[in-house]
Amino acid sequence: MVKGTNMSTHSVTASSPGTEANRHTAGGSVGSLSDVAQEIERHLPDKLMDPIMETSLLNIYYGDFHAVHDVNLAFGRNEITALIGPSGCGKSTVLRSLNRMNDLVPGARVEGAVNYQGQNIYARGVDPIAVRTHVGMVFQKPNPFPKSIYDNVAYGPRVTGMKVDDMDDLVEGALRGAALWDEVKDKLKQSAYGLSGGQQQRLCIARTIATKPNVILMDEPCSALDPIATARVEDLMLQLTQDYTIVIVTHNMQQAARVSDRTAFFTARPDETTGNRTGLLVEYNLTKQLFSQPSDQRTEDYISGRFG
Amino acid sequence: MAAYAETAAKTVLATAGRDRDRSVKSLVFLGLLWFSLFFGVLVLVALIVSTALEGAPRFDSDLITRYSSTLSPERTGFRAGILGSLMVILATAAMAVPIGIAAALHLEEFANKERWYNKFIEVNLQNLAAVPSVVYGLLAVAFVTLMGIHQRGLVISGAVALSLLILPVIIITTREAVRAVPREIRDGSMALGATRWQTTWKQTLPSAVPGIATGTILGLSRAIGEAAPLLIIGTATAIRFDPNGLMSQFTALPLEIYSTTSQSREDFRVAAAAAIIVLLVMILALNGLAIFIRNKFQRSW
Amino acid sequence: MTTTTTTPAGPPSPAGLRGDPVDLSGRSRPGEAVIRGVLFAAALVSVLTTVGIVIALLRPAVEFFRDVPVWEFLGGTRWAPNDSGNPDFGVWPLVSATLVITVVALVVAIPLGLGAAMYLSEYASPEMRRRLKPIVELLAGVPSVVYGFFALTFVTPNLLQKVLHIDVGFTNALAAGLVLGVMIIPTIASLSEDALFAVPLSLRQGSFAMGANRMQTTLRVVLPAAMSGVAAAVILGLSRAVGETMIVALAAGSRPHLSLDPREGMQAMTGYIASTAGGENPVGSTSYNTLFAVGLLLFVITLIINVISIALVRRYRQEY
């Protein structure tokens, strides 16, 4: 058992050194959705030895409000990590701290460290904008810009001053990577607002991978979508693990079980004096294990529907 | 979302318990409310009709093509005032619009609202919006004197006074337009590695342009009807030439209306009434333009 | 402490060898800083405006008070700055005229503005509210010189003299005040409508549940609950009335005298400024400086009124 895990660990992570090279042809190599079947049996190391990102003693405050308490989490390369838990447990807050989007919230304050490839992104001298080009984000509600499909995808590379030989190629590659190319290739100059919700969300994913990040954060990316569109985005996420690390916040436990390799369960604890609810990490484990043998009573209550 | 639920709940309430509202007292009260709502329309109709009737004999081309004349009041015209108003408004827009938009962007997109100086700017702005317009005239006099301009009644002085007067209006409406652009758009842009200014310049501002244009035009339509600050800066009322630049002397239509009204001869009174209709048409045209822009380009998110 | 991060042992992954040092230091963006500076400077213009107003008014006013003692200015009851034989600088006639005209204006504007606000907030459907609001705002779009003309040529001769048979002169405070009241209706209506609308729905529901009808709910529950906002609206209307110039300059008269009878012609503070600024007083003379002394008094009065109004608006925003 242990041996077997080792072997497959090797096979998954061995592709990692190539990831850097893959990034330069971002998404271009991804095949059709049916190839995804191979991903169903993924074998993972129990312990993450070389996480691409990790948080240590992460505490997040909004003004006086202590939103998240002492979170230690590690995210494996080319894995999908799901953050689940009841509303107000701080999972979205944690997610937004991973690419410093929390900086945009007035009064937000972060203590502890978030290490990306061994560097604390909250260290002095780190530029949040540089962080965001490494760690991209897809939001809950599809939020395409009021521009053409093409300009939506080209926006990131343009504003970050990325050196691009052929923008058309890059846009095509990103749209292929997001499994959207075939649907939009004839209307690239049309407004992104003409797309369906599911297409808009995949456009937002394409827009994110166009800037060639290593990590993609997804904040409940399917909560505004119908089941069919959700299934397509989930398939896409599995494909994307070939080139990217994904961290997803979801309310939907089935979704976490379907797509993620590891799951972190959060809950909220009310403060005795103020009554404010502070989020904290209860349990973090391989998804299979967390759902089949939760080691904490609160996790079990939540996943069996007794709470939350 | 919450606001929507609130409105929806109100609609339900509006249809509930109707019969209790049928008592005589309630109906009288409702009638009074209707009266207050439409009183303004009544006054407006009376104002326009009585003015139009009085000015009717002077709806001729002399009214807008001739200069003012004390010798032949029946043929006096408002050419200098109309051109002067247009020129001073253009200069006002050129000064107030960029400053107003920049200030609004600072307050809405860049300012840390916790800082005392930003709070101070906010309160100060609210106060400025209610400062009497004559005071802006007095300020403009001091300002242009400081700039070394001692001649009175120049286009530049008028434009300074009117710019400062409508700056709060432009800032407030621009902020509203900017605020209406959803946060998601900004977040999306920032998450792709855009800077704050790139996000503002490429996403927020373009989306807010219709709202800003509407608010700005409404501000300018207020400025074009202002007479008091122009009176203070010493704008002449009897000008018989076209204004030809910022340093030119000028007169403005509302000022000519004021001075013509103050004359006792009947012919002047008639001319003033006709000129008022011209002024109202100019203001109506500006408002129409604002409404057109809003309906045509405004995006509902 | 309650965190149980499960980390079973496992062999090191070969991926540990990877990971080029990442540069997160970013580029320096001098343009961004310059733009921020420019935007901040633009916002500062509003502060400089206030400072400018204070300096512009204070300097000539101080000179004026060197010639005329403050107590004589604030306490005197005869205003005759151009009476070369016996000049007097008692500002009370101007202040009383402003007061009389403002009171008349508020008598018109408070009930009508509040009535319109109550209808829009409590009776109109959202759709009607959206359509009717601009109609009320129309009144604010008419230039004040036009209102002045209307007061002078229509309200006084037709409404006051012919219809109501009130014995008024060609210029009088009554006509000016009535028309001024109409002009500030939108200010009062719009702000108090915001305040009424902000009253939580639960208060109304409670009242309806007790069997009150819409009128009782509006007058006894919503209006008292929105009182500070409504007060702010009225006070802002007051500020506009005090500062309005062209209506009083045209319709109220240009003879300063101390009287509280609205049927008489009288000169208000703004009326004096308007009539004197256009004149030929030599810069620096005492009669020229009176302009700024009166302007300063006007500014201080409206400033106090505005600050009260802003504070009241804050209070009702905090309440809900």
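**View 1. The helices of chain B.** Along its sequence, chain B of this predicted model follows the pattern α-α-α-α-α-α-α-α-α-α-α-α. Chain B thus shows twelve helices and zero strands, where helices (H or I, at least four residues) and strands (E, at least two) are DSSP runs, numbered from the N terminus. Its C-alpha atoms fill a box of roughly 65 × 60 × 35 Å along the principal axes. Of the 301 residues in chain B, 49% are buried; a residue is buried if 20 or more other C-beta atoms, placed from the backbone, lie within 10 Å of its own. Two residues are in contact if their C-beta atoms, placed from the backbone, lie within 7 Å. Among the contacts in chain B with a separation of 6 or more, 76% join residues 24 or more positions apart.

Residues are numbered from 1 along each chain as its sequence is written, and chains are lettered from A in the order in which they are written. In this predicted model, local features need pLDDT of at least 70 and side-chain atom pairs count only at pLDDT 80 or more, whereas totals for chains, interfaces and linings use all residues.

**View 2. The contact of chain B with chain C.** Here 76 residues of chain B touch 70 residues of chain C. Helix α2 (residues 24–55) of chain B gives the most to the chain B side, with 18 residues. That side has 49 nonpolar, 20 polar and seven charged residues. Ala, Val, Leu, Ile, Met, Phe, Trp, Tyr, Cys and Pro count as nonpolar, Asp, Glu, Lys and Arg as charged, and the others, Gly among them, as polar.

**View 3. The largest nonpolar core.** A nonpolar core is a set of buried Ala, Val, Leu, Ile, Met, Phe, Trp, Tyr and Cys residues joined through C-beta atoms within 7 Å. The largest has 189 residues, and B:Ala275 and C:Ile101 are among those with the most contacts inside it. Helix α3 (residues 92–123) of chain C supplies the largest share of this core, 17 residues. Beyond its neighbours within four places in sequence, B:Ala275 is in contact with residues including B:Leu63, B:Phe78 and B:Leu253.

**View 4. Helix α6 of chain A.** In α6 (residues 167–177), the buried residues include A:Leu170, A:Val171 and A:Arg176. The buried residues of this helix pack against α5, α7 (181–184) and α8 of chain A. After α6 comes A:Ala179, whose phi is positive, near 55 degrees.

Notes:
A residue is buried if 20 or more other C-beta atoms lie within 10 Å of its own, exposed if 12 or fewer, and partly exposed in between; C-beta atoms are placed from the backbone.
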